[in-house]
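Hi everyone, thanks for coming.

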Amino acid sequence: MNGRTAHDRTGLRAGTLALLLEPLGVDAVAGPAALQRFAEDVAAAARTHGCPDRPASGSTLPPVSAAVAACAGVHELIRLTTSRGRTPVPDADRHLAELGRLDGLRSRLPALEGVPVEALRTDAAAQAAAERELPGALEPCRRAEAEWPQGVWPSIRDIDVESATADLSLPRTGRRAARARESVLEHCSAELRDLRNRELVPLLEKVRDLAAAREAYETFLTQRPRWWRWLAPDIRTGFDTERYEALSWVTEVRDTGAVSASALDMLADPDVRAVLGREPAAPADGAADTAPALGSAARITEGLSAAASRTGIDELRAFESWYTKNIASFDRVAAAMDLWPADPALRAALAPLVDRLASLSGTVDPSRPAYRDVQAALRAGAGSAAPPVPCSPHAVEDGRLVAVMRRLGALERELNDAVRVMPAAGGRLRVAVAGRTKSGKTTLRKVLTRDPDQDGIGRGAHRTTRETAAFRVGSVTYLDTPGVAAKDDDHDAMRARAACDDADAVIWNYADTLYDEESAELLRLLRMGKPLLVVVNVKSRVVERHRLERFAKDPDREFQQVAGHTARIEQVCRAAGFTPPAILPVHSGAAHEALSVPDRELGALALRASRLPELEESLTRLLAERALPLRAVRLADAVRAPVAALHDRLARELRGIGLALDALERSADDDRAAVLTAVRTAGRDTRDRLDAVRHRAAERLPDVVGSLGGEDAARTWRDFLTGLEAEELLSGLADACERAALDRGILLRTTVDVPDHADAARPRVQPYPGLKTQSVTLGTAAAKGAAKALLGAATTKGLTKALPPPAKAAVHSAGALAGAAKALSGEILQLRRAQEQWTEAGTAAAAAGLDKLFDTLTAWTDRFEAEVTELTGARFDTRSADIAAARERYGRLDRLRPALRSALDAIDLVLARRLLQLAGGAPEAVRRARRTPGAELLVRTDPSRTADVRARLRDHCVDVLTERIEIRPDPMDEKDGMPHDDRNERGGGPHDH
């Protein structure tokens, strides 16, 4: 008999064997050794009967290994979390299992690295805004990064680039220019050292452009949600499309109800991603590659997680090795269990083995396979209809539909949980030995386990039991607990309370006086309904032989003092409103001495005198009458509670979900009409604004035409068109359409991709005939006029003969100037006419260009409106299909309510029959049962057995159930074989509201 920690390490083996043998009604009370021997007997009988050596679906080892790996993952997550000083997430195991069932998660885990929890909680509209705005905000950075000068290192950002640029513009001989040059060249490659200062300036300007772009991008991000930075973590990589796709997938599985939001929040934890991203356990050699979906393997793997959650990782690995070692026997048993329901000959061959095991009290419990059948029927009913039509990716864009899908998904997940896992098998009956410090608990435990060793028994004021330890005897595990009411240590009391809460029954060891702390714990156990025996420990010394002999001959003298203690305990219990438990005086010290005394006769006499046999008889009776029935009730509650909760929640929520779907269906046409009207209105307003801009441009055209004949004609025309802000009107049209659709639950992603028509619409005119461009022509005309005048003067030289030479020169000069002026005035007149003609032609060409441009923009507006109208119609058609899919999911759940009610009645029937069986009655005497937890258990019986059932259940279960037990005969209707009052109960019950 070896002491172990309070968590019995063999419990996982016993629970798994009980799951494996569950169709035979085998429970885990017998312990792993007895169950393994029984499994070997079953395997031998199955081999004789000709059963295959493994189930039809393959070996049970791969799914068992996968289940162990999943449990190990939970333990590893808790270890990683606690090692970093963090508190483990509540329900981490359930959330991990929920995430592990998501198809496509593993492939997206790398993209979700570093994802903030805010991103996991965002909606589709916010993600669409990030997708639309981030690339545009990053574009200047991308261009500046692409133009980064070669040979300049990124470390140049450490200097003051602005000051260095200004200093390099100074004369090179100056000190500031020299210092700036050296400062710049420290961050450049060697080939740039030959550049002159003015050649370094453009390089610094590009550096400055990138810094300005980065600063603008940072300013942009400060005005946006913080998780946007995760989508564009690096300017060089830009917008991360893989992260965006992974985040969109997260939003879809959350908003369609496939997984809970709290489970998805865990993806922000790197430890969770590390655990989920590990490679799955490889199957053992010779094992099937895929785990079976039904039968024994499914039963074992589904129940293993519940049993393994209380087991350490080392014990899990040891369990896997043990299972692998015995896989041949276990696979044959699994094959037999899969064939057992449909093979009468096999059932007959195994019946003697089951009868032999049933001789141990509580080891055969037919309620577990019965509950499993109820769950299987409910699961079959839930999955009998055709798979629901999947919703479209756009379904998550409508907030109202998302709210409905989330509620439906929560109900569907609750349904899966309600029919997926059977509670873990209970294992051996656990009896906690509790009481005040130094009351003799360890001594009492040793005599109950027949351990004569003196180690661990306290002496004097020194308390020895500081941790709860487990000791097995047959089908009972005794828990030796630390004492309560110690003055200097509350941790002992906490451990003792935890052990009592986990036990099936408690032996409260009383000694000397009843302290307040002791009485408070005693009353707490009574309030819990815990099966309880109070042992008044007589602590007189019997270590010496003569004292032991005197006690064995006259034990009544030692027990005389017990009456006062018994009265005190009864007084405390009645004052608190509780019926006192059974109180037994025991001399555990004398019983322990009797185990080691050499005189066998004296030992037997002292053992009887200690009243230990009476205690063991009372404990056996308490376990049979209260502990086992309470186990049955707890098992029924564990199976029933999720089904009842789902039934009640469906009754509460389906009506609201149905009304929400009705509202969505009714509003579909109005929403479509409203969006289409808004699109048409936005298109019409945009065209009206374009016409207004066209008229304004025509009015400003004369002021612009004169600048179209110069060298900067293209820039002038582009600046003129940019100032009209026509394209902003088109962007506003797209924004108006998107806003109108979003207000009605439709997320439109439009693209304003207007071709650049500025160059195509620019008027093609000749250079402007200005004075500057015609200077040569004017000079030539002046020269010709002057020459002509001089020639004319030469023909009339007689007129100037009488004049002196200076006068002659003046006359000729004046004539030449007059001739030049006359010729020049004629050319200017022609230039003015050319300018007028150029202006008329340029204005006409510019007006034609404007008309062409605005005609193009108007046509684009018409085309955009048509495309958005078509897209809106298609999206509303898709939303109608999504609403129909949600309606189908709603209908499946609504049609499931009668099946849930039937499942609850079936569970109540199994419990009533199990309680009657434990009370010694015939289970088949109960025909129907309906339980309202905390209020009433209504049992319908065979009329000829009503009195017997009433006597047994009321006598044996009055302290087990918190409900009032009502037992009535169940007469059958003569016409259709239906009970008379079944018609009144069929449509309703305590869970039908």
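Let's start with R347, which lies over the face of W340, 6.0 Å from the ring centre. By that I mean a charge over a ring: NZ of Lys or CZ of Arg is within 6 Å of the ring centre and within 35 degrees of the ring normal. There is another example at F471, where the charged end of R445 sits over the ring at 3.5 Å from its centre.

A quick word on the background: this is a predicted model, where local features need pLDDT of at least 70 and side-chain atom pairs count only at pLDDT 80 or more, while totals for chains, interfaces and linings use all residues. Residues are numbered from 1 along each chain as its sequence is written, and side-chain values use heavy atoms, with hydrogens and water left out.

Now, how many aromatic pairs does the structure hold? There are 11. Rings of Phe, Tyr and Trp (its six-membered ring) pair if their centres lie within 6.5 Å; planes under 30 degrees apart are stacked, over 60 edge-to-face, and the rest tilted. The planes of F319 and Y323 meet at 45°, with the ring centres 6.1 Å apart, so this pair is tilted.

F319 is buried, at 2% relative accessible area, and Y323 is buried too, at 1%; buried means under 20% (1.4 Å probe, protein chains only). Y323 also pairs with W322, edge-to-face, at 6.4 Å centre to centre and 70° between the planes. W322 is buried as well.

Finally, look at Y217, F220, W227 and W228: ring pairs link them into a cluster.

How values were computed
Buried < 20%, exposed > 50% of the residue type's maximum accessible area, 1.4 Å probe, protein only.
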